[in-house]
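Dear colleague,

Please find below the structure that I am handing over to you.

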Amino acid sequence: METIVEDKYSIASRSNILQVEAFGPFNAQVTEKYINDMYGACEQFSGQPWGLLIAFYGNSVFSPEAEDALIKVNRYRVKHGLIASASVLIDSSTADIQQLQLGRIYQACNITFYVFSDIDSAKSWLEQYLQQR
C-alpha cells in the first residue's frame, strides 16, 4: 500500500502493522478524511490479524464527537483484523487526558492496547504481541 500523507497525519503499512502519525488536534473535516483513509487502509489486511502503531504529536485531546468517531473506526478496524494497538504520546502537555481518552476508546472496542512515550518501545511490544497470536 502507498503511504497516505496529509498535513495532519500519515498512514503507512509495514508487514502486519499499520503505522500512523497524527499531528495536533484534528478539526471535523480532517477527522472525516482520516476515518475514510483508515477504512481503505484496513481493507489491505484481508481480515488477517494486524496491529496499529499510532504516534500522537502535540496536544491531541479529542472532542466528544471525535472520541465517538474513533470508537466507530476502531470497531471497523477490529472487523478487519485489528488485534492490538500501541499508542505513543509525544510532546504532549495533555498526555494524561489523552491516555484516559484512548483507554475509553480501546476498551469500548475490546482492543488490547498500551500507551508508550517512545516509538521504539511501542513497536517492540506490538511486534512481540503479534508474534504470539
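Predicted model: local features only at pLDDT ≥ 70, side-chain atom pairs only at ≥ 80, totals over all residues.

Residues are numbered from 1 along each chain as its sequence is written, and side-chain values use heavy atoms, with hydrogens and water left out.

Salt bridges

The structure holds 2 salt bridges (a side-chain nitrogen of Lys or Arg within 4 Å of a carboxyl oxygen of Asp or Glu). In one of them, Arg104 pairs with Glu67 at 2.7 Å, N to O. This pair links distant parts of the chain, since Arg104 lies in helix α3 and Glu67 in helix α2 (residues 64-79), 37 residues apart. Helices (H or I, at least four residues) and strands (E, at least two) are DSSP runs, numbered from the N terminus. Glu67 counts as buried because its relative accessibility is 10%, whereas Arg104, at 45%, is partly exposed. Here buried means under 20% relative accessible area, exposed over 50%, and partly exposed in between (1.4 Å probe, protein chains only).

Lys33 forms a salt bridge with Asp37, with the closest N and O atoms 3.3 Å apart. Both residues belong to helix α1 (residues 28-43), and because they are 4 residues apart, about one helical turn separates them. Lys33 is partly exposed at 37% relative accessibility, and Asp37 is buried at 13%.

Nonpolar cores

A nonpolar core is a set of buried Ala, Val, Leu, Ile, Met, Phe, Trp, Tyr and Cys residues joined through side-chain atoms within 4.5 Å. The largest has 32 residues, of which Ile11, Leu18, Tyr34, Met38 and Leu52 touch the most other members. Two or more residues each come from β2 (9-14), β3, α1, β4 (50-57), α2, β5 (82-90) and α3. A second, separate core of 13 residues includes Ala55, Ala86, Phe116 and Ala122.

Two glutamines

Gln19 is located in strand β3 (residues 17-23). Its side chain makes a polar contact with that of Arg14 at 3.3 Å (a pair of N or O atoms within 3.5 Å; within protein, one must be able to donate a hydrogen and the other to accept it, and residues adjacent in sequence count only if both atoms are side-chain atoms). Gln107, in helix α3 (residues 95-108), is exposed at 56% relative accessibility.

With kind regards
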